[in-house]
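Please look at the sequence and the model first.

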Amino acid sequence: MTAVQRGDPDVWVRQATRADLLAIVRIEQSVFSHPWPYAAFERQLDTAGFLVAAEQSGLDSVAGYVVGDTIPGHGRPLGHIKDIAVRSTRQGDGIGWLLLSRGVAALAGQGAHTVKLEVRESNEVARHLYEEFGFEYIRRLPEYYADGEDAGVMAVRLADRDGF
């Protein structure tokens, strides 16, 4: 496995398509204890922030995905990263960072000035990724997940990030 670099010819980010859905659901089921159902992803297909990291080789070319949308706000919409995951064989290769970056950029393109997300309090790897990206911990949501675990709400102001 090699780390994803800018311009990596083997991995690129593109809009998710219906043909990607089975691979996306397989990743979702392998990564999360309470995965989204197929229909939830299907409803997001026309969302600008539903992106996949695709590999040029292999039958299962989806290496990861991000689902984000915007919520109407006062003046400008609020971006919301709803789901992000990377296939276990590609975790640690920089694909999560790439997807997060492109997902946030897609939301900025929709007018978002701030992007938020929820993360399991116990998911230190994800929290670290978000903190490195510039997300800050805002508050705790008690018993947010179906199994009773709390979520942390994190947000990043895009004006505070270069390139947005």
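The model is predicted: local features need pLDDT of at least 70, side-chain atom pairs count only at pLDDT 80 or more, and totals for chains, interfaces and linings use all residues. Residues are numbered from 1 along each chain as its sequence is written, and side-chain values use heavy atoms, without hydrogens and water.

Seven strands form an open sheet with mixed pairing, in the order β1-β2-β3-β4-β5-β7-β6. Strands (E, at least two residues) and helices (H or I, at least four) are DSSP runs numbered from the N terminus; two strands pair if DSSP finds at least two bridges between them. At the edges are β1 (11–15) and β6 (136–141), each pairing on one side only. From one strand to the next the twist averages 25°.

Angles run from 0 to 180 degrees between N-to-C directions, along lines fitted to C-alpha atoms, for helices over the stretch in contact.

| Helix | Strands touched | Angle |
|---|---|---|
| α3 (residues 95–109) | β1, β2, β3, β4 (78–86), β5 (114–120) | about 155° with β4 |
| α4 (residues 124–133) | β4, β5, β6, β7 (151–157) | about 160° with β5 |

Strands β2 (residues 49–55) and β3 (residues 62–71) run antiparallel, joined by 6 bridges. In this pair, Leu-51 is opposite Val-66.

Note on methods
Contact = heavy atoms within 4.5 Å.
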